[in-house]
Amino acid sequence: MSVSRRTLAAAAFVALVLPLSACGSGGDDGGSGDASGKVEGDITFQTWNLRANFKSYFDGVIADFEKQYPGTHVKWIDQPAEGYADKISADAAGGTLPDVVNVSPDLVAPLAKAGLALDLDKAAAKYKKEYLPGAWASHRIPGMTGTYAYPWYLNTGPLFYNKSLFKKAGLDPDSPPKTYDDLFADALTMAHKSDGKVATLANVPTIEDFGRYGVELMNKQGTAFTFNDAKGIQLLSKYKELYDAKALDPQALTATPESSGRKFLTEAVAMNPGSALDLDNFKKQAPNLYKNIGITDQITSTGHVNMYVMGVMVNSRTKRTPAAVAFAHYVTDAEHQMSFAKKVAIFPSTAGSLEDPYFTKEDGTDETRVRIAAAKSLKNAVNYTPVLFSDQMKTALRNEVAKALQGKESPKAALDNAVKACNTLLQQQG
């Protein structure tokens, strides 16, 4: 699978604060690029840890583009995953940012603020309709107008559940919880019926959970986080109730995806997110679990699941705007996204692509079963993680959530403290 879920998750979660001397004071506002001229000239294209597994694919895309637009030449640069954010930061500060850059929303945010990302709502508005609305919106920056990267590939994960454990608790194994209210009710029932031996969940709530619960995470201006509202406090209070009842695994405070996966494998936990790779693992290591596995959508009270999205940005200071805009579109158009999705377990962000039989037609394999479930949920998914929410902010939230669950602070005090810490970090971003 090679751009693995882990690679994509890393891509989705890396946070960047650019040490730009030019921050906010650049002469180019990032939106005035004229892409209407002739597509010609030399441009550079930078990807994120893709050469090792996809060299022939990208060589082919580049060759086809150069053939379609005689007089163009694309130089492909691939950077390792380690230190990618730092590399972009250094290039931005030094004026050596490539013409077309593979980014995630959190990486594009500081570049857009510094006037280095081209506003595609102005420069490439005619292409907007080709993409899923939620994917196109994912590269918008709070407090700014415009869209600063083409959406490229998407990912999401279905939720696995243990039908046998649901049945033992007197719950309908064919009607797993869909909303958080359903989840909380089923989890308390499960804990009660198993005398606290079976937890439904093994993970504490993250910023995505607050988003999927319907909490307003940030103000419209992008100047302050707001997840300590009444709805946010309600969500954390419910998780505290689960924790006290052992419906949330006691080790959730220190859980990693690996440890949560092991709990699910040993049938100590009833629900866990996963991928097609996990199904294969269940088949080999836990045949009884595999026999009773259920696949459902992520829990959401908004009707929209979470998506992780990668994008392709155009440097607003490129000297070859028409060529850079055209190439970024070429890489992310429906034909090339579909081609790439068949090489790796990701999903296209282009409108209509998820209707392809590849994403809708069962063939009896586990991989296809999970792919179809994920593709179905992606059609109206959104990226809940705010583009300005850094790793440090995630840590601050996690620490305060832990205090609330342990009873060291009230849910309200914990979220007030988390929002205060995150807003302080936000101000430091400039």
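## The second largest pocket

(A pocket here is an open set of points on a 1 Å grid over the protein atoms alone, where a 1.4 Å probe fits and protein lies on both sides within 12 Å along at least five of seven lines; lining residues have an atom within 4 Å of a point.) By class, the lining has nine nonpolar, nine polar and three charged residues. Ala, Val, Leu, Ile, Met, Phe, Trp, Tyr, Cys and Pro count as nonpolar, Asp, Glu, Lys and Arg as charged, and the others, Gly among them, as polar.

Keep in mind that this is a predicted model, where local features need pLDDT of at least 70, side-chain atom pairs count only at pLDDT 80 or more, and totals for chains, interfaces and linings use all residues. Residues are numbered from 1 along each chain as its sequence is written, and side-chain values use heavy atoms, with hydrogens and water left out.

## H8 alongside H10

Now for some helices (DSSP runs of H or I, at least four residues, numbered from the N terminus). The axes of H8 (residues 180–193) and H10 (residues 230–244) come within 10 Å and cross at roughly 15°. H8 is therefore roughly parallel to H10, a label for angles under 35 degrees.

On the H8 side, Tyr180, Phe184, Ala187 and Leu188 make the contact (heavy atoms within 4.5 Å), and H10 brings in Leu235, Lys238, Tyr239, Glu241 and Leu242. That set splits into seven nonpolar, no polar and two charged residues.

## H2 across H14

H2 (residues 51–68) packs against H14 (residues 321–332) at about 130°, and their axes are 11 Å apart. So H2 is oblique to H14.

Who touches whom? From H2 come Val61, Ile62, Asp64, Phe65 and Gln68, meeting Ala323, Ala326, Phe327, Tyr330 and Val331 of H14. Eight of these residues are nonpolar, one is polar and one is charged.

## H18 against H19

With axes 9 Å apart, H18 (residues 391–405) and H19 (residues 411–428) pack at an angle of about 165°. The two are therefore roughly antiparallel to each other, the name for angles over 145 degrees.

The contact of H18 with H19 divides into twelve nonpolar, two polar and one charged residues.

How values were computed:
Axes are lines fitted to C-alpha atoms, for helices over the stretch in contact, and angles run from 0 to 180 degrees between N-to-C directions. Angles under 35 degrees count as roughly parallel, over 145 as roughly antiparallel, 65 to 115 as roughly perpendicular and the rest as oblique.
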